[in-house]
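Thank you all for making time this morning.

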Amino acid sequence: SMTMINLPIGGGIFNYRVAGVCIAGGYVLLQGADFEDFWALPGGRVEMDESSEQALRRELREELGWGDGMRVGPLLWIVENFYTYQERPYHEIGLYYLMAPEDPTPLADKALTYPCHEPDSHLFFRWFPLATLETTAIKPDFLYTGLRDLPTTTHHLVLHERV
């Protein structure tokens with residue numbers, strides 16, 4: 001969408017992203033893409049005139065078919081992330097919320113890979129056991145420890161992942 005907050009500035013990209021932490025039965029839900037070699041938390045870019053919570057609800061409605069009854073919050077992390085992606089420097093602000101679907105049944109089977117609901121999407125979703133996260137490539141890196149020890153108040157992180 002043309003209203004996504006993803007701006008080319010001075011040779012780099014400024015990105016405003018929202019992500020959801022969905023944990024169930026010792027598993028966390030992650031999003032992959034057929035052109036990536038890593039996993040990330042589900043979510044996406046915030047649009048102009050949209051709150052971060054509205055953006056998360058919209059992304060998960062579009063991608064997973066989750067309804068408006070989804071529980072969102074608390075806000076776990078505010079992340080300033082400096083990284084390189086597809087050979088371009090990124091400056092990303094990310095808001096990471098705890099979330100849970102109103103009805104977990106559609107994604108109940110932890111062994112399956114779930115396709116994105118959007119047509120022509122390259123995304124898919126899968127549950128990963130928290131106990132063995134190290135065996136999976138996940139970005140950003142702080143999630144390896146963060147997902148197993150969720151903060152009780154909002155934490156602010158500054159990540160310099162640029163190589």
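Let me begin with a term I will need throughout: by contact, or touching, I mean heavy atoms within 4.5 Å. What you see is a predicted model, in which local features need pLDDT of at least 70 and side-chain atom pairs count only at pLDDT 80 or more, while totals for chains, interfaces and linings use all residues. Residues are numbered from 1 along each chain as its sequence is written, and side-chain values use heavy atoms, with hydrogens and water left out.

With that in hand, take Val 72, which is placed in strand β6. Leaving out residues up to four places away in sequence, Val 72 touches Glu 53, Leu 56, Arg 57, Tyr 97, Leu 98 and Met 99. Val 72 has 17% relative accessibility and so counts as buried, where buried means under 20% relative accessible area, exposed means over 50%, and partly exposed lies in between, all with a 1.4 Å probe and protein chains only.

Now the overall build. The chain has two helices and ten strands, and these are DSSP runs numbered from the N terminus, with helices being H or I of at least four residues and strands being E of at least two. Read from the N terminus, the order of elements is β-β-β-β-β-α-β-β-β-β-α-β. The radius of gyration, taken over C-alpha atoms, is compared with a globule rule of 2.2 Å times the number of residues to the power 0.38. For 163 residues a compact globule would come to near 15 Å, and the chain has 15 Å, which agrees. Along the principal axes, the C-alpha atoms fill a box of roughly 45 × 35 × 30 Å.

Of the 163 residues, 45% count as buried, and among contacts with a separation of 6 or more, 65% are between residues 24 or more positions apart. The chain exposes about 8700 Å², of which carbon and sulfur atoms supply 55%; accessible areas come from the Shrake-Rupley method with a 1.4 Å probe, and for residues only the protein chains shown count as cover.

Two further buried residues deserve a moment. Arg 58, in helix α1, which covers residues 52-64, counts as buried at 8% relative accessibility. Beyond the residues up to four places away in sequence, Arg 58 touches Met 4, Arg 45, Val 46, Glu 47 and Glu 50. Trp 66 sits in the loop between α1 and β6 and is buried, with a relative accessible area of 5%. Among the contacts of Trp 66, with neighbours within four places set aside, are Cys 22, Leu 60, Met 99 and Leu 107.

Finally, the backbone. Most residues other than glycine have a negative phi, and most peptide bonds are trans. Against that background, the peptide bond from Gly 73 to Pro 74 is cis, with omega near 5 degrees, and Pro 74 is found in strand β6, residues 71-85. Another cis peptide bond joins Lys 139 and Pro 140, with omega about -10 degrees, and Pro 140 lies in the loop between β9 and α2. Where does Gln 86 lie? Gln 86 is in the loop between β6 and β7, has a positive phi of about 50 degrees although it is not a glycine, and is exposed, with a relative accessible area of 59%. Asp 120 also has a positive phi, near 65 degrees; this residue is in the loop between β8 and β9 and is exposed at 74%.
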